[in-house]
Amino acid sequence: MANYRVGLGVSGGIAAYKAVEVMRALQKAGCDVSVAMTRHATEFVQPLTFRALTDKHVIVDDYDPENPDPIAHVNFSQQIDLLLVVPATANIIGKFANGVADDFLSSTYLATTAPVLVAPAMNTTMWEQPATQRNIARLKADGVKFVEPISGELACKTVGTGKLEDVENIVAQALAVLGSSTRAEDLAGERFLITVGGTREAIDPVRFISNHSSGKMGFAMAAAASARGAKVTVVAGMTTAEAPANVEVVRAISAAEMHKAVMERLAGATVFVGAAAVADYAPANAADAKIKKDGRDTLTLELKKTPDILGEVSASRPDGMIVVGFAAETNDVIDFARAKLEKKKLDIVVANDVSKAGAGFNTDTNIISVLTDTKTENFPLMSKREAADRVCDAIKAEREARNGK
Ligand code: CTP
């Protein structure tokens with residue numbers, strides 16, 4: 001279960017030292033952990049402890065001159081698959097419940113679209129206060145999940161409810177939210193071939209036609225499939241996002257190169273995912289030498305259609321292969337996507353409206369619909385990593401349907 005990114009929020013209680021153990025256990029489970037602390041938490045545990053063990057800056061204050069990222073609460077919150085708060089004080093729970101964003105951790109809560117799991121720890125009287133219970137009920141209604149505190153001897157030497165749940169149970173619940181424990185390795189045996197990123201089509205040796213694709217959605221697909229046990233090969237055009245670990249990356253810059261790289265690898269694959277933004281047209285005759293502007297007031301480029309990689313893969317697929325296409329549209333999204341599914345004889349189409357905020361190129365989030373022959377599932381705004389898992393769910397369902405499960 002590699003590649004999941006956990007934002008670990010630590011607030012100021014005596015149980016803050018347990019967050020170090022939670023962090024270590026998550027790392028051992030293959031998670032990439034980044035830590036955010038409240039100022040009071042730093043009274044109990046030094047940020048240096050987390051920094052040394054994560055090799056990352058530990059954010060306490062957005063405005064700290066040493067903070068390498070000036071809008072960290074936005075970037076941090078969008079680059080995590082789970083926000084886990086250990087321990088959560090009555091104060092941070094109150095802030096989350098009421099939309100108060102007066103420090104880094106509470107701002108992160110407001111800015112994230114990732115699931116949130118909160119492990120409270122506090123004195124029994126504070127835990128039982130109507131105000132605390134009201135805040136917790138409100139957060140549960142908002143979709144926040146809780147690792148309920150247990151009964152035991154508390155730091156104040158009293159016995160009662162309010163003790164932080166055991167580290168193993170917190171980690172198990174975190175992994176369950178991330179989806180690993182229930183579906184670990186549920187794509188084992190599948191060999192994914194995924195196209196990712198944008199292509200570049202040469203006009204001459206120094207110029208090209210391209211698009212805004214970052215490769216984030218395609219790499220998220222690769223990370224999700226690999227985390228669920230599949231063997232993954234990515235054929236990547238131009239990308240600005242980082243490729244996940246544990247996947248083979250083959251670079252192919254133009255549509256023609258991508259087409260060749262895919263066709264060469266098709267026989268070994270069981271699932272094809274066309275997540276690349278392949279140029280539909282390329283210059284018909286790229287110049288061998290740099291085109292000079294002297295004597296030209298206008299320049300006309302003749303473009304010719306590139307090979308339709310997805311269409312060709314679908315038409316010449318090896319027996320049993322599941323073929324998944326993407327449809328980025330700006331209007332009539334579902335109608336166009338369904339037309340694509342039928343025309344190219346695809347098994348699954350992932351549609352998104354790129355004109356919607358949070359769903360276009362280069363964002364960390366997406367709003368997808370997953371279409372198959374028989375149904376259309378619409379999902380809300382979520383991280384691309386989470387969206388990739390929803391697509392993997394559809395792939396798994398398609399495989400099970402074919403196997404008669
Ligand atoms: N695709 C491909 N090869 C191409 C063009 C697109 O493999 N030369 C794939 C993309 O990776 C994506 C899907 O096809 O999975 C997009 O389908 P397509 O019909 O090409 O969409 P658009 O380019 O949006 O086409 P149109 O402008 O006709 O809607």
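Author: A pocket here is an open set of points on a 1 Å grid over the protein atoms alone, where a 1.4 Å probe fits and protein lies on both sides within 12 Å along at least five of seven lines; lining residues have an atom within 4 Å of a point. Please keep in mind that this is a predicted model, in which local features need pLDDT of at least 70 and side-chain atom pairs count only at pLDDT 80 or more, while totals for chains, interfaces and linings use all residues. Residues are numbered from 1 along each chain as its sequence is written, and side-chain values use heavy atoms, without hydrogens or water.

Strand 2 (32-37), helix 4 (72-78), helix 11 and helix 15 (384-402) each give two or more residues to its lining; helices (at least four residues) and strands (at least two) are DSSP runs. Helix 11 provides the largest share, 4 residues. By class, the lining holds 11 nonpolar, 7 polar and 10 charged residues, with Asp, Glu, Lys and Arg counted as charged and Gly as polar.

From strand 2 we can walk into a sheet. Its 5 strands form an open, parallel arrangement in the order 2-1-3-4-5, where pairing takes at least two DSSP bridges. Strand 2 is an edge strand, as is strand 5 (145-146), and each pairs on one side only. Strand 5 joins strand 4 (116-120) through 2 bridges, and V118 stands opposite F146.

Two helices are laid against these strands. Helix 3 (47-54) lies across strand 1 (5-10) and strand 2, at about 165° to strand 2. Helix 5 (90-98) touches strands 3 (82-88), 4 and 5, making about 140° with strand 3. Touching means heavy atoms within 4.5 Å, and angles, on a scale from 0 to 180 degrees, compare the N-to-C directions of axes fitted to C-alpha atoms.

Helix 11 (216-227) leads elsewhere, as it also gives two or more residues to the lining of the largest pocket. That pocket holds about 1100 Å³ and has 41 lining residues, with A276, A277, V278, D280 and F326 nearest its centre. Its lining divides into 19 nonpolar, 14 polar and 8 charged residues.

Notes: Grid points are joined across faces, edges and corners, and a volume is the space filled by probe spheres set on the points.
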